[in-house]
Amino acid sequence: MQTPPVPAITAREAEVLDALADRLSNAEIAADFHLSVRTVESHVASLLRKLGAQTRRDLATLAQRARTTRAVVEPISPGRTTPVPAAATEILRSEPEPASPAPRVVGLPRVATTFVGRGQEHDDVLRQLAHNRLITLLGPGGVGKTRLAAVIAESAAPAFPAGCAFVDLVPVRDGFVAQAVAAAFGATARAGVALEDVICERLGRERVLLVLDNCEHLPDAVAGFAERILAACPGVRLLLTSRERLGVAGEQVVAVAPLPLGSDAEALFQDRATAADPEFAADPATISEICAQLDGIPLAIELAAARSASLGANGLTAGLHDLLRLLAGGRGGSERHRSLSAIIGWSHELLTDEEQRLFRRLAIFLGQFDLDAAEAVAGDLGRGAVADVLGHLVDKSLIVHQRGGAGRWRMLQTVRAFAADRLSASAEHTDVRVRYLNWAKASATQLEAQLGGDWRPGFDAIVDDLRVALIDRPDNCTTVAHQLARSLGHLSYARRFIADSLSHYLLAAELAPTPIEAARDLRDAAACSLDTISGDQVFQLLLASAERSAAGGDGNAQATAMARAVEMAGRFPASFPEDIAHHRLRRLLDDAIAVGDQRQPVVAASIAAAAVWIANEEKFNPDPELAAVAEATAKATGDPVLISASLDGVGTAASLAGRRREAHQLTRQRLELIEAMDRNAPHSAVEIIDTLHVATTDAIAIGDLRAAMAAARLIENDDLIGDHPYLAASRLIPTLVLIGEFDKALRSATRMWDGWERLGRPAAGWLTPAVAAIALAHGLRGDMGRFRLWRSRTADVAGAAYAAQVRLTSFGTFVDARVAIQLNDKLDAVEKVKRAFAAFPRGRYEAYAQAAGAELAVIAGLPDAAERLTAAAAATTESYWAAACIARANGRYHNDQDALIASVDGWEQIGARFERACTLLLIPHRAAEGRAELLSRQMPTPPQS
């Protein structure tokens with residue numbers, strides 16, 4: 001039987017589908033496309049039918065897949081459904097859009113035992129999740145909060161299609177809550193942005209369930225994190241477990257009591273006792289007595305049931321009676337906790353000496369551990385004995401085996417607290433800490449060796465233990481601690497926990513056994529932090545590294561660090577809060593030359609690179625001849641990072657000299673070099689980030705809009721900077737506007753501006769072209785109110801130091817001229833044309849400004865129009881956009897149809913569909929084609945001169 005053909009979607013439906021990929025509401029889509037909301041609803045319904053999707057979420061997923069892979073959108077397989085638990089449907093009804101199934105909960109603890117009881121609490125919490133955004137399951141240790149939360153999360157998952165995550169905070173220490181949550185959602189930190197902000201951006205307005213388990217030891221950290229998430233992410237629901245309430249506004253507390261006697265408590269005991277001994281049988285009255293003695297506390301019941309196989313029901317009853325008679329008296333909450341501690345102690349006393357030793361030694365682990373880890377801290381127990389004893393401890397419910405956890409175990413928090421007390425009181429505590437530190441160092445080293453593969457899950461599983469092993473290091477283990485700190489710096493950087501990486505490298509420098517190793521640690525700290533801290537701090541870290549190298553007698557490392565500091569100050573002056581005097585940089589470079597052996601390729605390349613950027617007193621003004629020398633010197637090293645840095649000097653010099661296409665080709669070489677760089681090493685960070693920054697700018701400068709779009713997409717998908725709140729959007733927006741995708745640009749503009757404001761409106765002069773491009777989009781549409789608003793915003797992003805000049809930048813001047821052309825606005829044309837041909841120090845977009853200025857001179861009928869056309873013609877050799885624009889201007893001036901057709905072809909080649917349509921209007925027999933194109937973009941037909 002043949003598969004029926006996929007119904008074709010219309011062009012408008014394709015645009016709506018693309019908007020759904022950006023998670024826009026029907027109202028937002030209607031506003032963008034100038035449609036009624038009802039029309040949008042009709043298009044969405046049609047897409048659901050044609051593509052076989054069940055929900056808007058499915059459509060968004062299809063659109064995102066098509067956008068990423070450029071594949072043809074295929075229908076969803078018919079009948080793809082997942083049943084939604086009845087108690088979860090109220091959540092679905094409470095939300096504005098239907099949710100698609102998403103049954104998987106990331107990080108959910110896997111256990112082999114069945115869940116008994118709690119039916120009422122389970123359903124009550126599910127219902128409350130429909131109306132409350134923060135729910136805390138409150139109760140003492142061992143009462144079953146974690147298990148209840150896990151079951152609720154599984155049931156609620158279909159109501160949260162954007163994801164559910166279960167995060168165990170037991171191994172997490174203060175300051176690392178965000179890291180634990182980021183790991184669960186696969187979010188990565190990036191330079192200059194707090195990890196909490198990254199998480200908020202990742203979750204956005206999506207409907208997400210986040211479970212934070214065992215919050216009681218981090219009440220302030222969890223409260224602060226919860227408040228941040230609730231404020232920034234309206235679709236997120238938080239389910240917490242704790243022994244105390246957080247006190248956050250809106251917190252709904254659900255008390256988790258012991259299991260009721262006479263029903264669930266006995267059912268749990270019977271289930272666990274039968275699991276321990278399939279032949280187990282006992283009088284119901286005996287089981288009820290046992291459960292009553294244990295106050296219905298689930299953990300206590302499970303520990304007792306685990307002993308039923310060896311003691312029998314009667315022996316268990318007698319033992320418990322002897323144990324608990326000391327607790328006679330009141331039966332309040334504290335007594336219940338004492339009874340739980342007592343039964344854990346009783347279970348411990350029944351262990352063999354070998355079992356007790358391993359039990360307390362394993363308490364050193366905060367989180368999960370595998371057999372290798374257990375063996376590492378076991379000391380005198382061999383691997384076979386460790387495996388055997390682990391099995392016994394699991395049978396006795398003192399250790400939990402993680403089902404599907406690839407051979408991993410963990411202790412319940414209450415049990416671990418008991419075991420940790422025993423370890424602290426023992427004579428072997430220090431020895432176990434030493435073994436723990438050695439295990440952590442060996443594990444981190446092993447993970448470093450796996451960086452090219454699938455290493456992240458292994459890192460996420462033990463990173464908290466690695467951190468604690470380092471913090472709680474014995475005093476006499478400095479060398480091992482240094483190695484661990486350095487490895488953690490490397491791993492944290494590769495995991496994109498940039499701030500953590502910096503702190504680990506700084507600690508490594510403090511612990512370093514030699515000045516040479518401290519110098520290396522400080523160099524890496526500087527390398528991973530250019531966009532995390534100010535350039536001045538990076539500068540100081542490099543000088544500190546040079547000092548340590550000098551103390552260790554390594555003149556080459558000293559010279560390299562000093563030269564790198566000089567290069568950073570001259571090459572990236574915008575990242576320095578205060579200018580570093582040129583004479584100081586010159587002196588530093590002279591000192592580097594004096595102590596370094598330039599017969600060593602890396603030393604020679606570093607010194608040559610620094611010399612390029614301080615040859616002139618003016619910052620960011622590389623010397624072309626020295627740049628060529630630096631390039632040759634860097635290539636002798638074979639290091640792609642050093643070669644890329646040298647090409648930046650050559651490319652910047654070419655760009656400043658007006659050779660835009662040469663600069664673009666050099667940046668393409670830098671892009672190719674990224675593939676050869678180690679993305680997991682801080683050493684590569686600056687070059688990767690800078691190359692991606694420059695690639696889009698250089699491509700736009702020569703008018704290669706297709707290359708600019710490809711470069712912007714590279715930024716979006718890069719894990720170092722792709723999630724930046726406004727950087728990626730700022731690189732994409734000018735290209736979108738120049739090709740005529742105004743709606744997409746305006747949607748990105750909102751995200752860009754909000755992200756910039758959210759980070760405190762930092763000075764970002766490089767953001768001005770994107771802001772000016774948004775003004776251009778509004779101006780071309782004739783919305784002069786928004787045009788003026790965004791045009792004025794260029795001064796806001798530039799910062800106080802450049803606010804007075806920013807309106808006169810080459811791109812801003814181009815925008816003014818191009819809008820005047822579109823609206824046939826001849827007012828102030830003389831002044832605008834004059835500005836377009838002014839000198840623009842370091843401007844990359846003079847070709848745009850001059851081409852638009854010449855065309856404005858033509859339509860305004862200025863007497864010097866011919867001269868302007870001639871003057872602008874030089875720009876056509878460096879810019880495809882300028883060439884197409886000048887061809888159109890010449891066509892207007894000379895009434896030359898061939899020139900206009902050449903302009904149309906030029907716009908077609910670079911993908912500038914809007915400009916192509918505007919040019920077609922000037923060709924009588926193709927004007928209808930141009931009007932149709934503009935109509936499809938909801939653009940008014942411009943008035944003709």
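This is a predicted model: local features need pLDDT of at least 70, side-chain atom pairs count only at pLDDT 80 or more; totals for chains, interfaces and linings use all residues.
Figure 1. Strand 8 covers residues 408-410 and pairs with strand 7 in the antiparallel sense, over three bridges. Both strands belong to an open sheet of three strands with antiparallel pairing, in which the order is 6-8-7. Strand 6 (369-370) and strand 7 (400-402) stand at the edges; each has a single partner strand, so one side of each is left without a neighbour in the sheet.

Figure 2. Arg-408 is found in strand 8. With a relative accessible area of 15%, the residue is buried, as this value lies under the 20% limit for a buried residue. The side chain of Arg-408 makes a polar contact with the side chain of Gln-368, at 3.2 Å. When neighbours within four places in sequence are left aside, the residues in contact with Arg-408 are Gln-368, Phe-369, Asp-370, Val-400, His-401, Gln-402, Ala-461 and Ile-462.

Figure 3. Strand 1 (residues 134-138) is paired with strand 4 (residues 236-242) in the parallel sense, and five bridges join them. Leu-138 has Ser-242, in strand 4, as its bridge partner.

**Figure 4. Arg-496 in a loop between two helices.** The loop that holds Arg-496 lies between helix 22 (478-494) and helix 23 (498-511). Is Arg-496 buried or exposed? Arg-496 is buried, and its relative accessible area is 1%. A polar atom of the Arg-496 side chain lies 2.9 Å from the backbone oxygen of Arg-679.

**Figure 5. Helix 44 and its buried residues.** Helix 44 spans residues 913-920. Seven of its eight residues are buried, so the helix is largely enclosed by the rest of the structure. The buried residues are Phe-914, Glu-915, Arg-916, Ala-917, Cys-918, Thr-919 and Leu-920. For Cys-918, the relative accessible area is 6%.

Figure 6. How many disulfides does the structure hold? The structure holds zero disulfides. Cys-291 counts as buried, at 0% relative accessibility, and Cys-918 is likewise buried, with a relative accessible area of 6%.

**Figure 7. The chain as the setting for the close-up views.** The chain contains 45 helices and eight strands. Of its 945 residues, 56% are buried. Among contacts in the chain with a separation of 6 or more, 69% are between residues 24 or more positions apart. The chain exposes about 37900 Å², of which carbon and sulfur atoms supply 52%.

Notes: Residues are numbered from 1 along each chain as its sequence is written. Side-chain values use heavy atoms; hydrogens and water are left out. Two strands pair if DSSP finds at least two bridges between them. Helices (H or I, at least four residues) and strands (E, at least two) are DSSP runs, numbered from the N terminus. Buried means under 20% relative accessible area, exposed over 50%, partly exposed in between (1.4 Å probe, protein chains only). A polar contact is a pair of N or O atoms within 3.5 Å; within protein, one must be able to donate a hydrogen and the other to accept it, and residues adjacent in sequence count only if both atoms are side-chain atoms. A disulfide is a pair of cysteine sulfur atoms within 2.5 Å. Contact means heavy atoms within 4.5 Å. Accessible areas come from the Shrake-Rupley method with a 1.4 Å probe; for residues, only the protein chains shown count as cover.
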